[in-house]
Every structure is written in structure tokens, then in C-alpha cells.
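Hello,

Here is the structure for you to look over.

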Amino acid sequence: MIKTFPAFDEIRDLILLARREDLGQGDVTSRLLVDESAMGAGTLVQRDVGVVCGLPIVEMICRCYDERLRVEQIPGFHLDVIEGRYSDTRATPLLRIRGPLRALLAAERVILNFLQHLSGVATLTHRFVRRVEGTGAAIYDTRKTLPGLRVLEKYAVRCGGGVNHRQGLHDAVLVKDNHIAAIPLRELAGRLSRIVAASRAEDAARPIEVEVDNLQQFQEVLKVDGIDVVLLDNMDCPTMEEAVRLRRRAGRGGRPLLEASGGITLETVRSVAMTGVDRIAVGAITHSAPALDIGMDVG
């Protein structure tokens with residue numbers, strides 16, 4: 001099931017920024033080489049194995065360049081089918097764009113920049129998700145996103161089978177190590193209890209998560225009712241396994257959820273999942289995803 005793509009109003013300014021920085025005062029090469037009345041067509045092609053993502057943005061970009069550009073779906077490759085789909089074949093046609101050739105050539109790079117990056121995020125997420133299949137752990141993103149691209153990158157994570165963490169600082173409580181660095185361990189449970197009460201008084205449904213660096217902090221957090229998730233930061237697998245055991249001994253029925261975070265790679269993620277944690281946060285799926293090779297063939 002394809003997740004809802006961000007609305008045009010949410011990303012219009014981002015598209016216009018990309019257009020402005022690329023097009024500037026105009027495409028001088030096309031102005032000198034391409035007749036103003038020339039019409040053309042370009043086919044977007046997925047040239048590498050991976051998850052294609054971001055196709056709805058193509059029409060939005062075209063609208064910002066020239067209203068006469070028309071996006072056509074290719075028979076057998078309907079957008080609702082190919083968006084978010086993993087393809088293990090190369091040279092897969094995606095969409096076709098028809099209209100004024102100058103506008104098509106001007107929009108090409110911006111279209112590809114968005115598609116290649118979002119497809120890269122979806123593809124890397126998909127690879128992490130595949131690595132933890134059968135363990136019960138889910139792959140979560142983080143706030144380590146490129147400025148301005150968060151809503152799109154989080155959409156791409158969903159297309160790759162991952163799960164979104166909080167959208168920003170505004171929609172969930174995440175008590176991190178720097179928040180509690182000055183709080184003595186003996187006072188931690190009491191302070192957290194007050195934070196939970198204050199947050200629930202404002203918004204009973206707001207998620208509450210606490211980050212811990214060691215098992216001593218974790219044991220204090222287990223004393224607090226109302227915490228939804230505990231983030232186990234930069235812990236090795238034996239330590240996380242012990243955290244899972246401590247939670248079980250506390251008799252809380254699988255609560256709070258346990259989230260692993262910190263330097264997790266494709267090589268290590270399955271070992272982390274096998275510790276019994278519920279969630280694995282991976283910043284790399286957004287901040288270090290390589291672009292997926294997508295091109296445009298004009299002619």
C-alpha cells in the first residue's frame with residue numbers, strides 16, 4: 001500500500017527553490033539550440049535495482065516550469081503500481097513527459113534530483129527492513145534529514161517499509177542524554193515522573209520516549225509509569241539483551257518499547273534485532289542514502 005504523498009502546498013516552496021537555483025535567469029543552452037516552438041517527450045527510466053519513490057512530484061515540478069508539460073503514465077506501468085515498488089530489473093520505464101522542449105530540458109535535472117534521492121532513501125530503507133525480517137523489530141528513521149526535505153524523506157522511508165519517528169521537536173517528547181546530564185541518578189525517576197505527568201496533562205496521546213546510556217539509568221526509567229519508549233543509545237548487543245531481560249522481569253508486558261540507536265549498519269542490524277528490541281533507529285537511511293540511478297531519455 002502506497003503511503004500518501006505530501007500535498008503540493010507542503011512542498012511548493014521547496015520546488016520553487018530548486019527551480020530558482022538551477023534555472024536562474026534562464027537556460028542559455030536551450031535558448032541557443034532549441035527552437036522556442038519545439039515540442040518533445042522524455043521518458044523517465046529506472047536504471048538500477050531498487051525502490052522507485054517520488055513519482056507524484058514529477059507533475060508538481062512540471063507545473064512550476066510550464067503548465068503545458070503533461071505527465072503520461074506508460075501502459076503496464078501505472079503510477080499506483082510502480083510507486084514504492086522494488087524492481088530487480090534495469091531499464092524500467094516509469095513516466096513520460098510531453099510538451100515544450102525547452103521547458104522539458106529545463107525541468108529535467110530538478111525532476112531527477114528529487115527522484116534519485118527519494119528513491120535512494122526508499123531503497124536503503126528497504127535493504128534494512130529486509131535484513132531484520134522475522135525478528136519482530138521495525139526500522140525507524142530519525143531527525144537526521146536534509147534541511148527542507150524532511151517531509152519527503154520520511155515519505156520515502158515509508159515507501160521502503162520503514163516507520164517514521166517523530167516529525168520534529170513539536171510532536172513527541174524525547175528526553176535525551178543532554179536533557180538529563182545534570183540530574184543525579186537517584187533523582188532521575190522522580191524527575192521523569194513529573195515530566196510524564198506534565199506532558200499527559202497537555203496531551204494524553206503525545207508519545208514519550210527517554211534515552212539512556214547505561215543499564216543503571218534504564219533501571220531507574222523502568223520505575224516510571226507512562227513512558228512509551230526507551231532509547232538504548234550506543235549499547236552493545238549483550239547490554240541490550242540484558243535490558244530486554246530487565247524489562248521482562250519488571251512484568252510490564254512488553255512496555256516500554258525498546259529502541260536501539262547508534263551507528264547501526266546493514267552488517268550489524270540483524271544482530272541488533274536479535275537482541276529482542278522492538279525498534280531500531282537508523283539515521284543513515286536518510287542522511288547517507290546513495291542516489292538510485294534514474295534518467296530521462298528525450299526523443
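**Pockets**

The second largest pocket holds about 270 Å³ of space. A pocket here is an open set of points on a 1 Å grid over the protein atoms alone, where a 1.4 Å probe fits and protein lies on both sides within 12 Å along at least five of seven lines. Grid points are joined across faces, edges and corners, and the volume is the space filled by probe spheres set on the points.

This is a predicted model: local features need pLDDT of at least 70, side-chain atom pairs count only at pLDDT 80 or more, and totals for chains, interfaces and linings use all residues. Residues are numbered from 1 along each chain as its sequence is written, and side-chain values use heavy atoms, with hydrogens and water left out.

Back to the second largest pocket. Its lining has 13 residues, and Tyr65, Asp66, Arg102, Ala103 and Ala106 lie nearest the centre. Lining residues have an atom within 4 Å of a point. Helices (H or I, at least four residues) and strands (E, at least two) are DSSP runs, numbered from the N terminus. H5 has the largest share, three residues. By class, the lining has five nonpolar, one polar and seven charged residues. Asp, Glu, Lys and Arg count as charged; Ala, Val, Leu, Ile, Met, Phe, Trp, Tyr, Cys and Pro as nonpolar; the others, Gly among them, as polar.

The largest pocket has a volume of about 380 Å³. It is lined by 22 residues, with Thr142, Lys144, Lys176, Ser261 and Ala281 nearest its centre. Strands E9 (229–233) and E10 (257–261) and helix H12 (284–287) are the elements giving two or more residues to this lining. Nine of the lining residues are charged, seven polar and six nonpolar.

**Helix H3**

Helix H3 (residues 56–65) is largely enclosed by the rest of the structure, because seven of its 10 residues are buried. Buried means under 20% relative accessible area (1.4 Å probe, protein chains only). Among the buried residues are Ile57, Met60, Cys64 and Tyr65. The buried residues of H3 pack against H1, H5, helix H6 (150–159) and strands E1 (39–46), E3 (70–73) and E5 (92–100).

**Thr275**

Thr275 sits in the loop between helix H11 (269–273) and strand E11 (279–281). It counts as buried because its relative accessibility is 6%. A polar atom of its side chain lies 2.6 Å from the backbone oxygen of Val272. Beyond four places in sequence, Thr275 is in contact (heavy atoms within 4.5 Å) with Cys237, Met240, Glu241 and Val244.

Best wishes

Technical notes: Buried means under 20% relative accessible area, exposed over 50%, partly exposed in between (1.4 Å probe, protein chains only). A polar contact is a pair of N or O atoms within 3.5 Å; within protein, one must be able to donate a hydrogen and the other to accept it, and residues adjacent in sequence count only if both atoms are side-chain atoms.
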